Amino acid sequence: MQSRFPGLDRFDQAILRELSHNGRSSVSDLARAIGLSKSPTQARLKRLEAEGIIQGYRAMIDPIRLGLDHVAFVEVKLTDTREAALASFNAAVVQVAEIEEVHMLASHFDYLLKVRCRSMSDFRAVLGEKISSLPHVSSTSTYMSMQAVKDDAGLGPM
């Protein structure tokens, strides 16, 4: 059976799946979960890290418990979509702390931003003072999230 992910066999995929659920798994726990001994599991883990497939490890923090429960999605249209303008926008948008995600789209607008704040008034300030002043922004349109039904940054159908 051929892997859906070139260069990754079933053991590599199992490591990634396990770590996507618990990034603090020990090598012993990983080895037990995937059915290999500790040494080959550790070698595979180091290779996946060295190849950049595993980019790092981080804690998953609950933004709701921190009072950051106001989520908005903002469509952004630019005045210019030539490469220099896109690069300028990209460099500036990553500097806005309240913006969690930025996606360039092939759509009737250019970017979709996921913005997280404490309140509507905080969001209005972010939109008016930060997002609207980003380079080449022509217009924005906002959609307020009422509930996150699925919020999983995992590997999808791995």
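Is Asp80 buried or exposed? In this predicted model, local features require pLDDT of at least 70 and side-chain atom pairs count only at pLDDT 80 or more, whereas totals for chains, interfaces and linings use all residues. Residues are numbered from 1 along each chain as its sequence is written, and side-chain values use heavy atoms, with hydrogens and water left out.

Asp80 is buried, with a relative accessible area of 16% (buried, under 20%; exposed, over 50%; partly exposed, in between; 1.4 Å probe, protein chains only). Its side chain meets that of Arg82 in a salt bridge of 2.9 Å, N to O (a side-chain nitrogen of Lys or Arg within 4 Å of a carboxyl oxygen of Asp or Glu). Arg82, by contrast, is exposed, at 60%. Salt bridges that share partners also join Asp9, Asp12, Arg44, Arg47 and Glu51 into one network. Within the pair Arg47 and Glu51, the closest N and O atoms are 3.5 Å apart; Arg47 is partly exposed, at 27% relative accessibility. The count comes to eleven salt bridges.

A further salt bridge links Asp29 to Arg32, with the closest N and O atoms 2.6 Å apart. Both residues lie in helix α2, three residues apart, about one turn of the helix (helices are DSSP runs of H or I, at least four residues, numbered from the N terminus). Asp29 is partly exposed at 38% relative accessibility, and Arg32 is exposed at 61%.

How values were computed:
Helices (H or I, at least four residues) and strands (E, at least two) are DSSP runs, numbered from the N terminus.
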